[in-house]
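Subject: Structure for your reading

Dear colleague,

Please find below the structure that I promised to pass on to you. My notes on what was found in it follow, and I would be grateful if you read them with the structure open.

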Amino acid sequence: MAMHAVPFHWRRYKERYQLLGTKCENCGTMFFPVRKICPKCRREGKPSTVKLSGRGKVHSFTVIRTPPDGFEVFAPYVIGVIELDEGPKLTSQIVDCSLDEVNIGMPVEVCFRKLRTLGKDGIICYGFKFRPADNSWKPESEKRAQGS
Amino acid sequence: MSKLATNTKKRDVAIVGVGSTPIGEHWDKGLRELTWDASIAAVEDAKIRGKDLELIIVGNMSGGMFVGQEHVAALVADFLGLKPTPAVRVEAACASGGVALRQGYLAVASGLYDLVAVGGVEKMTDVQAGWATSILTGAMDFEWEAYFGTTFPGIYALMARRYMHQYGLTREKLAEVAVKNHYHGSSNPLAHFQNRIKVEDVLNSSLVADPLRLYDCSPISDGGACVILAPAEKAKQYTETPIIIEASTQASDTLSLFEREDICTLDATVEAAKQAYSRAKISPKDVDIIEVHDCFTIAEILALEDLGFCKKGEAAKFYEGEQTYVGGTLPVNTDGGLKASGHPVGATGIKQVIEIVKQLRGEAEGARQVKGAEIGLAQNVGGSGATVVVTILRRR
Amino acid sequence: MVGIVGYGVYVPKWRIKIEEIARMWGHDAEGVKKSLLIEEKSVPSLDEDTVTISVEAARNALKRAPEVNPKEIGAIYVGSESHPYVVKPTATIVAEAIDATPSLTAADMEFACKAATAGIQACIGLVKAGYIKYGMSIGADTAQAEPADALEYAASAGGAAYIIGSDNVLAEIEGTYSYTQDIPDFWRRDGSDYPKHGGRFTGDPAYFAQVVNCTKGLMQKLGTKPEDYDYVVFHEPNGKYPLRAAKILGFTTEKVLPGLIVTQLGNTYSGSSLIALATILDRAKVGDRILITSYGSGAGSDSFSLLVLDEIEPKRNLSPPVGYYLDRKEYIDYAMYTKFRGQLRGFTE
């Protein structure tokens, strides 16, 4: 498989570490993952790479109980479709909560986690996952904005 | 935007021969043997000699990952002893067979070829289940879905969960899809599973990707299937019952599920179906029997809606009573579908069409024959819907 | 002037209680809790390691220093004794994750539990010399401990990141002093799963000799006395050692207790003294003076005298305080602990 091809993994480091997407400066649509062309504007589009906020909510989710090769030790784990505040959706694991805590509409925030290793001698693949966006701590600015 | 709606083909295309293997775990058969079994049956059904074939098209998703063999079409042509007949492999994940059929249709409709064999074959059971699960993730967005540990049951579970949330579909109603398909499969001597099951069996089976359970999921199967295509005007040379391909359409959608407009709608099905009905000059109510791509039970529900048989969110109503059973108003997956008859990936699209051919010819075994079936529709899906092929067949 | 421009911590959510570990080995849980002054410890999830903890802490530090453009961070050092790679730095992964690449120097450091304070000293040097605008040092660990050993009750997971610079400083580093000797009190050989230690030898000749002498050395160098400090922070291998060190040095208990988080957290090794320092920064008033002495086996200590400045007020609440992470917890049993710590034979990620 493509698994031990280190350049293959490295190529997406920035995108997977920093949660990068594309904004079409022409129509304003945001895409994930990064695109070279805006499917709506075609040549008139102006795609530019942007850092996504990492905040969103759960659009759907499932619990993987029959994992693919390399993910056995992590099972069972939650996979969700997350709708980011900026608009685009993505697929990611949802962690730091029990399996039955996840629900559609639950607010989540991005975190940085180990995705898998390529065997005990292989490289370690890192990237984004999502965890419940905790409601008990907010930066002062958000609290003030919410009037709490 | 396709000009297919307005471009006209040179001539109509007919299916003049069919052949397929039993579907299941064939420890003693590899790609070669599965190909041979399906091809010889089709060639004999069309009463032709292999040497008469002018072109071979093979649907196969992943010979390389399962058994190390790429260049699968070359293997097929060679093992059938057909050098120098040209052979090409088509890959569109689980829609490989349907897309292959469409390529064969285009070849004959264009006027350039008079006798074409289109087959599909997949050998999946040599590897263990975890590895098969991994190989199949090649059909989704590998870098942005599979990379995080998503599996195919997971992808369809995401659709199922959202659908249940939005439309109130119950777990029990969804289970009815599997119950029906097993019922049909019990009359199909080629089916992978021929046991009948009950709703409780589905609900008690182990969770695979919540809310989908073992009995919501089609199996890992070996199998091969083959059809012979000829121009309709020459079909009677080969068979008393040529089945005409009234429409063979295809559409694409985003590779990943998460980039879809609505994760519970396969826009590619909607688009391909629209073009197919237009080409065939029919509407859903004219269809007597349908084969849909029930890789997971939820897929059958979505297919009925996306193919235009009802509005989005309403397909559950077809599972009240026995409307979708043989004998009902809308028989669906009379061979057992992917769930019971099996899902040898590259062969599935061909297998679906063969079932419709048998039904339209009046040759379906046992109790599953739909009486007087004249028009059939097959929907073959690749991955989570990035490729969809819709085929409409008619007995003229 | 050089000092702390931003700080951030991260602690994984999972906890295991002393009672649960004691249950495995038939130990007297109450006795262990009394002797170590530890109630429970943090456990990293299967998908967490020193790299992921470092990234979270670094991101939190940047939140507290919103004026810092990551591209202006000229050095990143990560100190740990559980770097996931023995060869290939944690620091570069952090650098990529916070978008600090490519104009920076980076390296991983190892000095048991004090690697990150050595990293802070390196940053001080580079900043003061005018070579870099900002430097970041991170102390993070998913500490290993042999099952049934006393360390199993203490070795936990967590990390803290500090941004060092000259502008918008929230706590000035008034001075630093280090005390280093070669002492084999605690070590781990390449290829060994778990560290080994010298039992009671790790006390007076190791921890206390370095910590006490280093702290005295700093105060002598700066001409300060315990009364000049509002808080004192020591490396926390357990709850008793810092209290005793304070007593020996003449610091009152009230100055040590606020930072004594090992009771709820365990010993986060390279994160220990720096997370404890963050606990103080979370509550210190402008004008407060803090003394921090780290300790790393092998052995050595780094001491710093810090003066809290005005900038602490607008910056303090931009990122979760240590208290938030201490309260954010869920308990696991020993079976799940074994799985999370990769201790199932032949079955790790």
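Before the first pairing is described, one term is needed: two strands are said to pair if DSSP finds at least two bridges between them. B:Ile15, for example, has B:Ile243 in β8(B) as its bridge partner. Please bear in mind throughout that this is a predicted model.

Chain B as a whole

Chain B contains twelve helices and eleven strands. Its C-alpha trace spans about 55 × 45 × 45 Å along the principal axes. Of the 396 residues in chain B, 62% are buried. Among the contacts in chain B with a separation of 6 or more, 78% are made by residues 24 or more positions apart.

The sheet of chain B

The pair β1 and β8 belongs to an open sheet of nine strands in chain B, with the order β3-β2-β4-β7-β1-β8-β11-β10-β9 and mixed pairing. At its edges are β3 (87-90) and β9 (289-291) of chain B, each of which pairs on one side only. On average, and with direction ignored, neighbouring strands of this sheet are turned by 25° against each other.

Which helices pack on this sheet? One of them is helix α1 (residues 31-45) of chain B, which touches β1, β4 (116-122) and β7 (223-231) of chain B. The direction of α1 makes about 130° with that of β1(B). Another is helix α9 (residues 267-280) of chain B, which touches β8, β10 (375-382) and β11 (387-395) of chain B. The direction of α9 makes about 150° with that of β8(B).

How the chains meet

Two pairs of chains are in contact, and chains A and B share the most contacts. Chain B and chain C, by comparison, do not touch, and their nearest C-alpha atoms are 12 Å apart.

Where chains A and B meet, 26 residues of chain A are in contact with 29 residues of chain B. On the side of chain A, β4 (55-64), β5 (77-84) and β6 (89-94) each supply at least two residues. β4(A) gives the most to this side, with six residues. By kind, the residues of chain A on this side divide into 14 nonpolar, seven polar and five charged.

Chain A also meets chain C: 23 residues of chain C are in contact with 20 residues of chain A. The elements of chain C that give two or more residues to its side are α3 (50-64) and α4 (90-97). α3(C) gives the most, with four residues. This side of chain C divides into ten nonpolar, four polar and nine charged residues.

The strands of chain A

β4(A), already named at the contact with chain B, pairs with β7(A) in the antiparallel sense over three bridges. There, A:Arg55 has A:Glu109 in β7(A) as its bridge partner. Strand β7 (residues 107-117) of chain A is mostly covered, with eight of its eleven residues buried.

β7(A) also pairs with strand β8 (residues 124-132) of chain A, in the antiparallel sense over nine bridges. In this pair, A:Lys114 stands opposite A:Tyr126 in β8(A). β7(A) and β8(A) form a hairpin with six residues between them, and A:Gly119 in the turn has a positive phi of about 85°.

The two helices of chain C

Are α3(C) and α4(C) enclosed or open to the outside? In α3(C), 14 of the 15 residues are buried, so this helix is largely enclosed by the rest of the structure. In α4(C), eight of the eight residues are buried, so α4(C) is likewise largely enclosed by the rest of the structure. Among the buried residues of α4(C) are C:Thr90, C:Ile93, C:Val94 and C:Glu96. Just after α4(C), C:Asp99 takes a positive phi of about 65°.

The length of α3(C) can also be checked. At 1.5 Å a residue, its 15 residues should span 21 Å, and its end C-alpha atoms are 21 Å apart, which agrees.

A colleague

Key
Residues numbered from 1 in each chain as written. Chains lettered and ligands numbered in written order. Predicted model: local features only at pLDDT ≥ 70, side-chain atom pairs only at ≥ 80, totals over all residues. Buried ≥ 20, exposed ≤ 12 C-beta atoms within 10 Å, placed from the backbone. Contact = placed C-beta atoms within 7 Å. Nonpolar A, V, L, I, M, F, W, Y, C, P; charged D, E, K, R; others polar. Axes fitted to C-alpha atoms, helices over the stretch in contact; angles between N-to-C directions. Expected span 1.5 Å × (residues − 1).
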